[in-house]
Amino acid sequence: MDLHEFALENLEIYVSGFVVIGGYLAYYFRQRKLKRQIPPPKAEPLVTDKKTGVEIPGKAPEVAPIAKVSWAQRLSTGLEKSRSEVWGKLGNLFSGPNASLDDIEEILYTADMPTALVQELLERLEKEGRGKSSDEIQNLVYQFMKEKMAPVQTHINQDIFKFNPDQKKTRVFMIVGVNGAGKTTTIGKLATKLKGQGAKVIVGACDTFRAAAVDQLQVWCERAGVEMVRAKDGADPSGVAFDTVAKAQRENYDYCLIDTAGRLHTNQNLMDELAKTKRVMAKNIPDAPHEVLLVLDAITGQNALKQAQEFNKALQLTGIIFTKCDGSAKAGSAVGIVDQLKVPITYIGVGETVEDLHLFDLELYLKTLVGIEQGKPSNLQQ
């Protein structure tokens, strides 16, 4: 029997063998596919036994959500140093049979309060505070500062805080200040707040001599989802302001925020340039800018009063934004600025986040600063 005949006789055996092997392989690969589709069982989380310190399988403890911090709490934390080192001590110093104005006078001068106001407050304490309790002295100080600030604080346009969609006009805000006061960051926060209320916001980056400041502002605008107009480095700041206001009016923006280069208030040429920028905006909108807001670093103390005086002389300020009130600020300059210049404080900042910039509520601020029973925030504040 030759090989050909042998193969023909055993062909059936070969075919049967191939069928068996093929079936086995098909079954094997199908089982592997099914195993890949079935997710592995979830391992129980490990928890530490409090008695033995050993990790054992068990249910992981639920993590409580982080509580939202209210503005009143943020403000209290920010003003804690000023309250504990200055304003909260006055009642204890002047109450009792051995009360003396000398210690209070020294503290008030270190609190950045102008000389005239210090003397006026001392006279009030001498006249009305003798024999009073610590709490009554604290309330007297609160009432004194409120009397100096309240008449001015009522003269604030509410559209600085709240967007009114029924008001069909572009509001132009010019924001000014010295370098380092927090102006760029403040504009970014303000744009974020207004955008969050549904307003259409555009920002003009007129600090054309500091590329880093423009880049920082660009980041804030991108986060907030607002448009920014910028020019080449070294371009005329007044030209950028003109173009931004024109675009805002043409495209029906609700708010137009004009950033400006940081200016030393002692340099008259630079202050004159700011005045020019302000005049240029009126060529597009006759009554623009509607607000001129000065950003002041509260830590600079009485120098903040000097800054406010010079900027007000050049630009006729409509409002103050106090930043960095969570540092070593003594807060006396705020009373002096409002009282002497008759310019209200519109916003106050006590930290780095958007929530740390808030409208200035006089009653809440003073009660928190002095340390007496804190009142409820105003309707705008809540």
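A cavity is here a set of grid points where a 1.4 Å probe fits but cannot get out. In the present model, which is predicted, four cavities of 30 Å³ or more are found, and the largest cavity has a volume of about 60 Å³. Twelve residues line this largest cavity, with Ala 298, Phe 322, Cys 325, Ala 334 and Tyr 365 lying nearest its centre. Helix 14, spanning residues 332–341, and strand 9, spanning 345–349, each contribute at least two residues to the lining of the largest cavity. By class, that lining comprises eleven nonpolar residues and one polar residue, with no charged residue.

The lining of the second largest cavity divides into two nonpolar, two polar and four charged residues. Because its relative accessibility is 37%, Asn 164 is classed as partly exposed. Asn 164 and Ala 199 are separated by 35 residues in sequence, while their C-alpha atoms lie 8.4 Å apart in space.

The buried positions of helix 9 are Lys 183, Thr 184, Thr 185, Thr 186, Ile 187, Gly 188, Lys 189, Leu 190, Ala 191 and Leu 194. Gly 198, which follows helix 9, has a positive phi, near 100°.

Helix 9 also takes part in an open feature of the surface: it gives the most to the lining of the second largest pocket, with three residues. This pocket has a volume of about 200 Å³, and its lining consists of Ala 181, Gly 182, Thr 185, Thr 186, Lys 189, Thr 323, Lys 324, Asp 326, Gly 349, Gly 351, Glu 352 and Leu 357. Among the pocket residues, Thr 185, Thr 186 and Lys 189 are also listed as buried in helix 9. Two nonpolar, six polar and four charged residues make up the lining of the second largest pocket.

Strand 4, formed by residues 201–205, is mostly covered, five of its five residues being buried. Val 201, Val 203 and Ala 205 point one way from strand 4, whereas Ile 202 and Gly 204 point the other way, and all are buried. Strand 4 runs parallel to strand 6 (residues 255–259), to which five bridges join it, and Ala 205 has Asp 259 as its bridge partner in strand 6. Strand 4 also pairs with strand 5 (residues 227–229), again in the parallel sense, over three bridges; in strand 5, Met 228 is the bridge partner of Val 203. Together with helix 10 (residues 211–224), strands 4 and 5 make a right-handed β-α-β unit.

Key. Residues numbered from 1 in each chain as written. Predicted model: local features only at pLDDT ≥ 70, side-chain atom pairs only at ≥ 80, totals over all residues. Heavy atoms only, no water. 1 Å grid on protein atoms, 1.4 Å probe; cavity = no way out; pocket = protein on both sides within 12 Å on 5 of 7 lines; lining within 4 Å. Points joined across faces, edges and corners; volume = space filled by probe spheres on them. Helix = DSSP H or I, 4+ residues; strand = E, 2+ residues; numbered from the N terminus. Nonpolar A, V, L, I, M, F, W, Y, C, P; charged D, E, K, R; others polar. Buried < 20%, exposed > 50% of the residue type's maximum accessible area, 1.4 Å probe, protein only. Pairing = 2+ DSSP bridges. Right-handed = clockwise from strand over helix to strand, strands pointing away.
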